[in-house]
Amino acid sequence: MNKIKKSPIFVLWYQGEKNAPPLVKMCIQSMRRNSNGHKVVVLDRKNLSDWVDYDPIVKEKFISKKFSIQLESDYIRLNILKKHSALWLDSTIFVSKPIPDDVFSVDFFAVIRKEAQKKDITNKLSPFLLGRNNSERSKKVFSFAFDLMENYIKNEDDLINYLLIENILNIAIEKETWLNDLVNEQLFKNKQDILGLVKLLNNPMSVKVNRFLYKNLFNKLNFHQNYDLLTSDGQETVYSYLLNNKENLNE
């Protein structure tokens, strides 16, 4: 019997994993531990050309800093997902348990943040993590999103909205009936507290936090903040617990 091909997981850290801050290294290690057999590809400035095709005009605008490194990251993720059946994870996504196979088998994978409202123009889904399988309609969505972003960057010199990728993905959602149904009927029913763990990192580790990790597969963290290893009364913090790879999740 033929083995099912394992789609890669892509993550980006421009300076290279070796030069990443401890929290980012912690997150990438969590992806590897919980990849469920999928290869984790860490993109950086040295290997980007192996995976991403830059339009020359777009490349010049990023080099000259007309557009931010954050927008370049969005350009890269859509470029990757246009070409590959894959899962994209931001470098500050902490994966708390093995990623199930169905994440890699759906036409379009994303997470709706707990805070999102259906009335929102943006904020429907989180571009922190995106994925697709190899179906024609999933290719179509990411090709459309990438082409729209690339054309915008080529023809403009100012960013109209910091959340451009979310605006573009929402255009795709409205354009494709199947995707609109998926987001509004399925993903909204399963909204996740993807921003919950970052609020707990300086708290003492507890059974309650352990249960939170068990329920929340993907967790968006923030490497710009400082986190403590011990609480004021000497208890180990959640950050220290995760940094030392101590997860032992129980329901």
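Which residues touch the most other members of the largest nonpolar core? The close-ups below start there. This is a predicted model, where local features need pLDDT of at least 70 and side-chain atom pairs count only at pLDDT 80 or more, while totals for chains, interfaces and linings use all residues. Residues are numbered from 1 along each chain as its sequence is written, and side-chain values use heavy atoms, leaving out hydrogens and water.

**View 1. The largest nonpolar core has 44 residues.** Leu43, Ile76, Phe108, Leu125, Met149 and Ile153 are the ones that touch the most other members. A nonpolar core here is a set of buried Ala, Val, Leu, Ile, Met, Phe, Trp, Tyr and Cys residues joined through side-chain atoms within 4.5 Å. Buried means under 20% relative accessible area, exposed means over 50%, and partly exposed is in between (1.4 Å probe, protein chains only). Among the elements giving two or more residues to this core are β1 (9-12), α4 (69-83) and α6 (136-155). Helix α6 gives the largest share, seven residues. Helices (H or I, at least four residues) and strands (E, at least two) are DSSP runs, numbered from the N terminus. In soluble globular proteins, nonpolar side chains tend to be buried together.

**View 2. Zoom in on Ile153 and its contacts.** Skip the neighbours within four places in sequence, and Ile153 is in contact (heavy atoms within 4.5 Å) with Val58, Lys61, Phe62, Phe67, Leu71 and Tyr75.

**View 3. Here Tyr75 meets Phe146, one of nine aromatic pairs.** Rings of Phe, Tyr and Trp (its six-membered ring) pair if their centres lie within 6.5 Å; planes under 30 degrees apart count as stacked, over 60 as edge-to-face and the rest as tilted. These two ring centres are 5.1 Å apart with planes at 45°, so the pair is tilted.

**View 4. Now for a stacked pair, Phe108 and Phe142.** Their ring centres lie 5.6 Å apart and their planes are at 15°, so they count as stacked. Phe108 is in the loop between α5 (102-105) and β5 (109-111), whereas Phe142 belongs to helix α6, 34 residues apart. Phe108 is buried, with a relative accessible area of 4%, and Phe142 is buried at 0%.
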